[in-house]
Every structure is written in structure tokens, then in C-alpha cells.
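Visitor: Before we discuss any assignment, could you show me the molecule, and then take me through the terms one by one?

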Amino acid sequence: MVRDCSQTFSKKIHVLQDRKTGSKASVKIDNKNEEEFTVIEFDGCLILNKTACDYVVTHKTKVIYVELKGSDIRKAHTQIVIAVDHYKKAHGGLSKTGIIAFTGNPKESTYIQIQKVKLRKSHQLKMICTRSPVTHQI
């Protein structure tokens, strides 16, 4: 059975939430020009029985890897990297952003800063790690 794990939208606002776990974390995709973008449900649909980020959003020359978390920031970074590595060839020429939206109170500020620099160098990935809700413009 082939699963359809992606949907294409062209609406102004689209909210990503993890309905499976009931997490309150969310990322709002702000698409003011109503251009077409695709949302891939990565964890639990495209990737099964593995640790991976929740969503991958593609738009023209950009890709956004989204992880919705409580407070386990270290695990969230790993989940983003798994998705980036999975799409290494397909997303090679695209501008990459990783977003971790969390609801808890992680005590990882130094770790977050180190990971931002490390992932920028190793994966050409701009990281955003902040309290939910997060708004990101495409």
C-alpha cells in the first residue's frame, strides 16, 4: 500500500501541529503571497518506526524541517538532522531551515547555540529553536 504523505497548499496561513501526540507545540506557515507549497508528514507517514522530524515543508527554492517538541531539544536536533540527511540529494540546492518549536522549559541554551553553529557548517542548515507558537514566513 502506497501512502500519500504530502499535501499541497496555497493558502495564506497553514498551522502545523502534532495531532498524534497531542503536543501543544505549533508552527504557523505565513504565506502572504498565497504561493504553492508542499507539506510532507515525515514522521509516522513517510518514515515509519524511526526517529525523525514531524514535517518537511517545501516552497520554490526553500525547505523547512519542522519538529514540534515538549522540551527534549537534544532529541529534536537529532530528528531534524535525520530528515536533512534523508533528503540530502533531493534538497541539495535548496535553502534549508530547521525549526524546533517547544512548549516546555528546556535548560539547553548553550547546547542550542552550539548546535546552530554546528548545523550551519555541517548541513548548511539555519536553525530556529524557540517557544511555541512559532510563525515562519515563506
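Guide: Let us begin with a term: helices (H or I, at least four residues) and strands (E, at least two) are DSSP runs, numbered from the N terminus. This is a predicted model, in which local features need pLDDT of at least 70 and side-chain atom pairs count only at pLDDT 80 or more, while totals for chains, interfaces and linings use all residues. Residues are numbered from 1 along each chain as its sequence is written, and side-chain values use heavy atoms, with hydrogens and water left out.

Visitor: Which strand gives the largest share of the lining of the largest pocket?

Guide: Strand 2 does, with four residues. A pocket is, on a 1 Å grid over the protein atoms alone, an open set of points where a 1.4 Å probe fits, with protein on both sides within 12 Å along at least five of seven lines, and lining residues have an atom within 4 Å of a point. The largest pocket has a volume of about 220 Å³, the volume being the space filled by probe spheres set on the points. Of its 14 lining residues, the closest to the centre are Gln7, Arg19, Val39, Glu41 and Tyr55.

Visitor: Why is Ser132 called buried?

Guide: Buried means under 20% relative accessible area, exposed over 50%, and partly exposed in between, with a 1.4 Å probe and protein chains only. Ser132 has a relative accessible area of 14%, and therefore counts as buried. Ser132 lies in the loop between strand 8 (125-131) and strand 9 (134-137).

Visitor: What does the side chain of Ser132 reach at 2.7 Å?

Guide: The side chain of Ser132 reaches the backbone nitrogen of Ser26 at that distance. A polar contact is a pair of N or O atoms within 3.5 Å; within protein, one must be able to donate a hydrogen and the other to accept it, and residues adjacent in sequence count only if both atoms are side-chain atoms.
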